[in-house]
Amino acid sequence: MLALEDLAGVSVRSSLLLSLSVLLLLLHLWLQAQRRPPGPFPWPVVGNAPQMGAAPHRYFSRLARRYGDVFQIRLGSRAVVVLNGDAIRRALVQKGADFAGRPDFTSFRVVSDGRSMAFGDYGPRWKLHRRVAHAAVRALSAGDARARASFERHVLSEVTLLLRRFLRRTAEETFFQPHADCLVSTANIMSALCFGSRYSHDDREFRQVVGRNADFTRTVGAGSIVDVMPWLQYFPNPIQTLYRQFTELNREFSGFVRGKVAEHRRSAAAGVTRDMTDALIFALDKGLGGAAGAFLGGEYVSPTISDIFGASQDTLSTALHWIVLILVRYPEVQTQLRVEVDKVVARSRLPTIEDQARLPYVMAFIYEVMRFTSFVPITIPHSTTSDTSIDGYHIPKNTVVFINQWSNNHNPAKWDRPEVFNPLRFMSQDDVLDKDLASNVLIFSVGKRRCIGEDLSKIQLFLFTSLLVHQCTFTADPSQPLRLDYEYGLTLKPNPYRIAVTLRDSMDLLKEAVEPQPRGDGAQS
Ligand code: HEM
């Protein structure tokens, strides 16, 4: 039997043990909450910026192999969490709202004087803004059969002009660089959808406005130095010059768009929606309310159309530029595309949107171009909207988050020999497009910030590819080795290359389909 004092001793020991266990549990929970993602040693002042080099997405993928899919670096004064591989979907889909913010970067506030939806922070007004922008894009492109038919006509007109230009340049120069023509061509399609007008390829103002988009994406891409070392703006240095150019090109672009919106307000007729600008004027000029007191008025028309026009140009022209490069770099793939298109589309007609389901290899080619090049390697930077966690790591509110799409598209655990260009990886044995595998390609992002132009882009790239291989043949300049290297920014742009273009039959089908009548300089309705 236990003596009284023994009993007292046991109970003191038990309470001590219990208190200790509670303390340890609390300590464990606290440590868990403080558990930050691992990462490389940051240098004073600059952090890890110098290590990123010319291809940050590749540097991040190397770090992911060492530290795992979630790691942290320091860029100047900011801690940046980088998400790779499958952690991207776990964060952006499963904890969508927590990771849907945008950082308070200086450059982001410059875009549309802080009224941009694409660069604006998450919240009730952003949700309303995104809904309005998405509705306008859908209504004027892929929303219903009428919108699709009108969109298809715009693409057809531009492919015709582009091909004419390619043929003329081949006749004059034998081999030429297609970059500027791809840019004007894709910008013209979006200009037709946004403003109801197209431009001659020689129009200087238009070439200047769309040409400077590349400078824009250089500054807002992940790893832009001015945003993480804001003090660089205050004394003369190359970053300050870049930042001044950035503000200047934003002013120029906003001026161009505001001019278009003003013209539309003057000529708008009630009940007639000519283009996306009209759709936005009708939706916003009378004021639009949303949840939690959110409100958008007419002053948001120009920023919204700027988001749509701006986000589409650089991405779609870069996609087309890569497609042409890959057609000449892999001539056997170009032949295979032609074989499939010829089997389905007779020489007496042109490919249409309806042919898409019967041209799985064309779609497999487009998915492989997107996967292989991953030409938007890292999305627009995100930030956390509240204290949150991912894979057991604590991430405080307002942390900058980079989404490395490239790491997903080049993950050897997911893709067989990811560094090899092979559209057949998306084809099942019975020659059908493997849609499940295609949905693993990450280029339009996922979750709340997923691109609103995805459907439009896929249709446009399908039409460009099938029309071009149906109508002409691309060859590379044999005097210059074809490389697949690029310049880094929000989009990866192929370095210059030269091609020749020859017609397979005649331009008759295209001419009959559109009969475009380009004027000299200036907009054409
Ligand atoms: C191949 C073409 C395109 C690609 C690869 C692409 C890719 C992307 C990516 C990666 C983002 C950032 C998502 C994020 O931050 O997580 C984005 C955002 C956006 N894209 Fe696209 N895009 C393309 C074409 C377009 C087009 C044609 C439009 C307009 C019709 C468009 C409009 C936008 C807008 C407005 C945003 C901002 C969305 C937001 O912040 O909520 N994009 N896009």
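Helices (H or I, at least four residues) and strands (E, at least two) are DSSP runs, numbered from the N terminus. I also noted that this is a predicted model, where local features need pLDDT of at least 70, side-chain atom pairs count only at pLDDT 80 or more, and totals for chains, interfaces and linings use all residues. Residues are numbered from 1 along each chain as its sequence is written.

**Entry: the whole chain.** I counted 19 helices and 14 strands in the protein chain. I looked up the C-alpha trace, and along its principal axes it spans about 110 × 55 × 50 Å. Buried residues make up 44% of the 525. I call two residues in contact if their C-beta atoms, placed from the backbone, lie within 7 Å. Of the contacts with a separation of 6 or more, 74% are between residues 24 or more positions apart.

**Entry: helix α6.** This helix covers residues 145-173, and its 29 residues reach 41 Å from first C-alpha to last, close to the 42 Å expected at 1.5 Å a residue. The expected span is 1.5 Å times one less than the number of residues. Among its buried residues I noted F151, H154, E158 and F166. The buried residues of α6 pack against α7 (179-195), α18 (454-471), β10 (472-476), β13 (499-503) and α19 (508-514).

**Entry: the ligand.** I counted 24 residues around the ligand, the closest being A311, S312, S445, C451 and G453. "Near" here means a C-beta atom, placed from the backbone, within 6 Å of the molecule. The elements giving two or more residues to this shell are α5 (124-140), α13 (301-329) and α18. Which element gives the largest share? That is α13, with seven residues.

Entry: A nonpolar core is a set of buried Ala, Val, Leu, Ile, Met, Phe, Trp, Tyr and Cys residues joined through C-beta atoms within 7 Å. The largest one has 133 residues, and L83, M276 and I305 are among those with the most contacts inside it. The largest share of this core, 15 residues, also comes from α13.

**Entry: M276 and V401.** Leaving aside neighbours within four places in sequence, M276 is in contact with A136, L140, L193, C194, I305 and I308. I then turned to V401, which lies in strand β9 (residues 400-403). Why does V401 count as buried? Because V401 has 26 C-beta neighbours inside 10 Å. Not counting residues up to four places away in sequence, V401 touches V81, L83, F99, P381, H382, S383 and T384.

Technical notes
Buried ≥ 20, exposed ≤ 12 C-beta atoms within 10 Å, placed from the backbone.
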